[in-house]
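Please open the model in a viewer and keep the selection panel at hand.

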Amino acid sequence: MLFFLFDVGGKLPWGVETLLNITTLLVAGAGALLWRFQNRLIYMSSMPPGSRTVVARPDRAQMPDFEDATIRTPDGVRIRAYAVFTRVGGGATTAAAAAGDGEVEGEEGLRRRRAAKVGGGGAVSPYTILYLHANAGNMGHRLPIARVLQVTLNCNIVLLSYRGYGLSEGVASEAGIKVDAAAALEWIGRHAVLGGTRVVVYGQSIGGAGGDRFGEPVSGEGARGDCREYVFEFAPPHPHVMPFLTYVTFLCHQKWDSATSIARIDRATPMLLLSGGRDELIPQSHMLELLRIARSSRRGEAVGPYRSASSSAGAKKGSVPERDADGVRWEEFAAGGHNDTCVQPGYFERIGEFWRDKVESGAGAGPGEKQGEKGGAE
């Protein structure tokens, strides 16, 4: 970082020169602190209080059939995850170790649960949602939403706490969250029970932008998943949460370039965008711009630069986007804010419609894609 000290050769009073130098040092110091500690400002993993030490379990949300797993990412960070199973064959499951010895103390005291079939067993749902949660809290805070998704869609759910969140190791960052999301997807592909299921990625807020590493096929050995769908909610293209930082955005190294990411998603992959009309943190105009980019890229058109909120064609007053076009569905909830769009009337019903139209029907399903051997469960 460059900064300047002033020496005007006595042309200014001594006090003024000193004040200029002190101000320069303070501004430079504040900039350095912002660069160094911005991750702590952005990733609110300790809110609400206790989020780093207490993580609710699925059985507290009427989901007793689950596995408590630890996933090692390619860069060696251990992140925690829940795999919630939905049986479709009439069998029952108990959250015990596969060998029948209940909870097992793993490396460094980490506890895990293994799901074991009992009473004749039962096959799991052929569909699995990878739930990428919003900023703040941990995966335990999202269990009520996961339960509604499970009941509504009759699917398995995999949730994770990103690095630096919940009981996961590490420190949160844009790059790290994207690595964690990709590692969880690869873990599902190798899982003994879930490996043969089709995966739908459901991301809320920052989780909607965390799946950009899924934009290109992941190659390698051993995966059994054959299709990936995407459900994005909000996916911010640029931070607008702290307006007072507008003039120092050049110091921001956490970019979250959703505009580039969304254009990379395979055009054969159905996409659902769920937007709150009264989002107070990420203006809806940004979501409309992502819609434009997603559809343009799938038509093979030049996307062009990201348009500002005021110039975005999709954001013009009175403009209503087409609901279905180019494999991208748009659903708007006029009264939805940043944190309550998911409780707006019809929210889960709209997801259910997309599920029936695009997921269960096989629309957009391509040939099986293999995932790499990076990362893994411990």
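**Backbone stops and overview**

Begin by selecting alanine 136, which is found in the loop between β7 (127–132) and α2 (143–153); helices (H or I, at least four residues) and strands (E, at least two) are DSSP runs, numbered from the N terminus. This is a predicted model, in which local features need pLDDT of at least 70, side-chain atom pairs count only at pLDDT 80 or more, and totals for chains, interfaces and linings use all residues. Residues are numbered from 1 along each chain as its sequence is written, and side-chain values use heavy atoms, with hydrogens and water left out.

Display the backbone torsions of alanine 136: phi is near 75°, a positive value in a residue other than glycine. Most residues other than glycine have a negative phi, and most peptide bonds are trans. Alanine 136 counts as buried because its relative accessibility is 18%; buried means under 20% relative accessible area, exposed over 50%, and partly exposed in between (1.4 Å probe, protein chains only).

Next, select aspartate 326, in the loop between β12 (324–325) and β13 (328–333). Aspartate 326 is not a glycine, yet has a positive phi of about 55°. With 32% relative accessibility, aspartate 326 counts as partly exposed.

Then move to proline 48, in the loop between α1 (14–42) and β1 (66–72). The peptide bond that leads from methionine 47 to proline 48 is cis, with omega near -5°.

Finally, show the entire chain, which contains seven helices and 14 strands. Of its 378 residues, 51% are buried.
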